[in-house]
Amino acid sequence: DTMVYLDKGKVIAVDSNGKVIAKGTAGTDDATVIQAALDGQGTIYIGNGTYYLSGEQMLRVSSDTHVTGDLQTKINSYRFGFHLDGAKTETVTTVTADVGAVASEIPVDDASPFSVGDYILINSNRRSEYLNAQYGEIRRIDAISESVLITDPVEYHYALVDNPVVTKLDMVSNVTIENIEIYSESNPSTY
């Protein structure tokens, strides 16, 4: 377990034995010190007071992490707050036939590296006209039949001409964030 707190112009993170993990100037080094505590996973208590994230700073949270504040803990974030730190893996396979919208079966070149319960990203080179971003969606594998991944119905159409692929994801799990107000002057919200 780790605790982060403010004391006389400093922001400090200590482990359960009281050993300092990280320390810096309050209002300047808050993100760095809190991140050092989060990197240790487990339970992180953030004491009362206002902590500041500037610019593009965000706090990355991995699986098996529980972050709690007291009712007076606030994070003033210019743009971001907490980021749940899942990631794409290097396990990728090619889709071998068109997959229509609302289809549940995704035929792939090699299903062997995947398991029931895995989360996958299916996407292609096709771009949304509205957002100018790649089409893609996350699905959980419900079953595997030879070289077919079976999921909930997909929302988009994936045509072979757009080179669709399936990538296994390393999802974040077992995370709680509670009793912390995260706000910005332009976009207030509380979690």
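## Salt bridges

Arg140 and Asp142 are joined through their side chains by a salt bridge, at 3.5 Å from N to O. The term salt bridge stands for a side-chain nitrogen of Lys or Arg within 4 Å of a carboxyl oxygen of Asp or Glu. Arg140 is partly exposed at 39% relative accessibility, and Asp142 is partly exposed as well, at 37%. Here buried means under 20% relative accessible area, exposed means over 50%, and partly exposed lies in between (1.4 Å probe, protein chains only). This is a predicted model, in which local features need pLDDT of at least 70 and side-chain atom pairs count only at pLDDT 80 or more, while totals for chains, interfaces and linings use all residues. Residues are numbered from 1 along each chain as its sequence is written, and side-chain values use heavy atoms, with hydrogens and water left out.

The count comes to 3 salt bridges. One of them links Lys168 and Asp118, whose closest N and O atoms are 3.6 Å apart. Lys168 lies in strand β16 and Asp118 in the loop between β11 and β12, 50 residues apart, and the pair links distant parts of the chain. Strands (E, at least two residues) and helices (H or I, at least four) are DSSP runs, numbered from the N terminus. Asp118 is buried, with a relative accessible area of 15%, whereas Lys168 is partly exposed at 22%. Arg139 and Glu137 also form a salt bridge, at 2.7 Å from N to O. Arg139 is buried at 18% relative accessible area, and Glu137 is buried at 7%.

Strands of a sheet pair through backbone hydrogen bonds, either parallel or antiparallel. Two strands count as paired if DSSP finds at least two bridges between them. Strand β12 (residues 119-127) and β16 are antiparallel and share 5 bridges. Ile120 stands opposite Lys168 of β16.

## The sheet of three strands

Another open sheet has 3 strands in the order β11-β15-β14, with antiparallel pairing. The edge strands here are β11 (105-107) and β14 (143-145), each pairing on one side only. β11 and β15 run antiparallel and are joined by 3 bridges. Ile106 has Leu149 in β15 as its bridge partner.

Ala143 belongs to strand β14 and is partly exposed, at 27% relative accessibility. Leaving out residues up to four places away in sequence, Ala143 touches Val116, Val148, Leu149 and Ile150; contact means heavy atoms within 4.5 Å.

## The aromatic pair

The structure holds 1 aromatic pair. Tyr135 and Tyr156 are arranged edge-to-face, 4.5 Å centre to centre and with 70° between the planes. Rings of Phe, Tyr and Trp (its six-membered ring) pair if their centres lie within 6.5 Å; planes under 30 degrees apart count as stacked, over 60 as edge-to-face and the rest as tilted. Tyr135 is in strand β13 (residues 134-140) and Tyr156 is in the loop between β15 (148-150) and β16 (165-170), so the pair ties together parts 21 residues apart in sequence. Tyr135 is buried at 16% relative accessible area, and Tyr156 is partly exposed at 26%.

## Helix α1

In helix α1 (residues 30-39), 7 of the 10 residues are buried, so the helix is largely enclosed by the rest of the structure. Among the buried residues of α1 are Asp30, Val33 and Leu38.
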